[in-house]
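Biologist: Could you walk me through reading charge pairs in a model like this one? I would like the general idea each time, and then the case at hand.

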Amino acid sequence: MSRPVLYIAITNHGFGHAVRAASVAAEVQRLNPEILLILVTTAPRWLLESYIPGDFIHRPRAFDVGVIQSDSLTMDKNATLEKLRHIRSSQQSIIAGEVGFIRQNRVGLMLADIPPLAPVIAKAAGIPCWMLSNFGWDFIYGAWGGEFIEIAEWIKDCFGLCDRLFRLPLNEPMSAFRVIEDVGLTGGTPHYSREVLRSRFNITAPPERTILLSFGGLGLQAIPYENLSQFPDWQFISFDDNAPDLANLIKIGERSLRPVDFMPLCGRVISKPGYSTFSEALRLEVPIVSLTRSGFAESPLLIEGMQNYGYHQIIHPSEFFATSWEFLHQPLQPPRRTERLDKRGSFAIAQAIVNYFQH
């Protein structure tokens with residue numbers, strides 16, 4: 001008997017989509033190690049390996065563009081539109097290439113987060129396509145108007161071919177999809193105890209004075225690290241390769257370590273609106289300090305979700321870039337709602353996949 005094969009197509013944008021898809025892949029592997037995982041993404045292999053402990057095939061391919069950005073807050077709409085048009089005009093050759101690969105490797109199911117061409121490819125290959133996300137790219141591009149409206153309509157048609165959507169929390173309606181199943185938060189689980197990491201990295205500040213700076217795979221071009229001098233008895237943790245050497249800044253350079261591993265040590269995570277960071281923080285009940293981000297239709301939904309379900313602070317970018325971070329001395333805001341979000345989204349999606357291959 002040949003092994004069941006799961007093909008996971010991941011959107012070509014930052015690290016967040018790769019993180020949540022990889023968290024599902026890791027659960028699939030844990031529940032049924034016989035399922036062969038093929039991760040189709042331009043995200044680096046080290047990022048995938050930090051979430052998936054066992055073997056998998058990495059196929060570097062891009063079926064979409066997301067939003068072309070210079071950093072986590074700055075986007076280039078013109079370049080994004082040009083790339084989208086190129087992908088749309090090249091879709092037949094993209095589809096043909098992947099259909100051949102899927103058939104050659106006897107793929108039984110596609111899971112996608114959330115390239116619009118994925119369900120089109122799956123349909124041509126004769127396999128089901130399941131997708132997971134809290135928003136669709138039609139929602140992002142449609143809000144930009146103008147020449148993006150036509151692109152958004154094309155994407156809706158693609159999404160209409162999806163067989164099953166796992167809709168994550170902090171979502172938009174995602175009305176282009178025909179079959180929608182709501183699931184809980186996705187994300188990784190810390191690999192190490194608090195004590196191990198505190199000892200290994202000489203973290204001596206108490207949690208309320210330990211701050212994680214986490215701006216995703218795209219980072220920020222101009223984090224004002226000089227502000228850290230205002231907090232000599234605090235400690236800050238960063239994954240920024242370009243961060244300066246400062247007495248109270250701990251730089252994490254090991255690829256096997258992830259922001260989620262350090263969240264339990266921290267009293268606050270400073271971030272931009274991003275589903276994966278928000279979701280992992282909410283799963284671990286770690287407060288978020290979030291910058292606002294204009295031009296992304298999902299940002300208000302993410303911020304509202306954090307306000308509803310987590311301890312939080314919402315700050316304008318000017319408070320981050322042009323002040324001495326007085327906001328760190330301000331109290332956190334409590335969640336507006338008393339009910340908790342389900343935290344087992346990665347497991348629920350993985351269990352559905354395992355059940356599919358069993359039956």
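Biologist: Which residue forms a salt bridge with K343?

Modeller: A salt bridge here is a side-chain nitrogen of Lys or Arg within 4 Å of a carboxyl oxygen of Asp or Glu. K343 pairs with E285, and their closest N and O atoms are 2.8 Å apart. The pair links distant parts of the chain, 58 residues apart: K343 sits in the loop between α12 (317–321) and α13 (345–358), and E285 in the loop between α10 (275–284) and β12 (288–291). Those labels are DSSP runs numbered from the N terminus, with helices (H or I) of at least four residues and strands (E) of at least two.

Please keep in mind that this is a predicted model: local features need pLDDT of at least 70, side-chain atom pairs count only at pLDDT 80 or more, and totals for chains, interfaces and linings use all residues. Residues are numbered from 1 along each chain as its sequence is written, and side-chain values use heavy atoms, leaving out hydrogens and water.

Biologist: Are K343 and E285 buried, partly exposed or exposed?

Modeller: Buried means under 20% relative accessible area, exposed over 50%, and partly exposed in between (1.4 Å probe, protein chains only). K343 is partly exposed at 29%, and E285 is partly exposed at 48%.

Biologist: Which residue does E150 form a salt bridge with?

Modeller: The partner of E150 is R88, with 3.4 Å between the closest N and O atoms. E150 belongs to helix α7 (residues 148–159) and R88 to helix α3 (residues 77–89), so this pair ties together parts 62 residues apart in sequence. E150 counts as exposed at 54% relative accessibility, while R88 is partly exposed at 28%.

Biologist: And where do R209 and D233 lie?

Modeller: Their side chains meet in a salt bridge, 3.8 Å from N to O. R209 lies in the loop between α8 (194–200) and β8 (210–213), D233 in the loop between β8 and β9 (235–238), so the pair ties together parts 24 residues apart in sequence. R209 has a relative accessible area of 27% and D233 one of 46%, and both are partly exposed.

Biologist: How many salt bridges does the count come to?

Modeller: The count comes to 19. Bridges that share partners can form a network, and here R59, R61 and E98 are joined into one.

Biologist: How many positive and negative side chains are there?

Modeller: Lys and Arg count as positive, Asp and Glu as negative; His and the chain ends are not counted. The protein chain has 33 positive and 36 negative side chains.

Terms used:
The place of a charge is taken as NZ of Lys, CZ of Arg, CG of Asp or CD of Glu.
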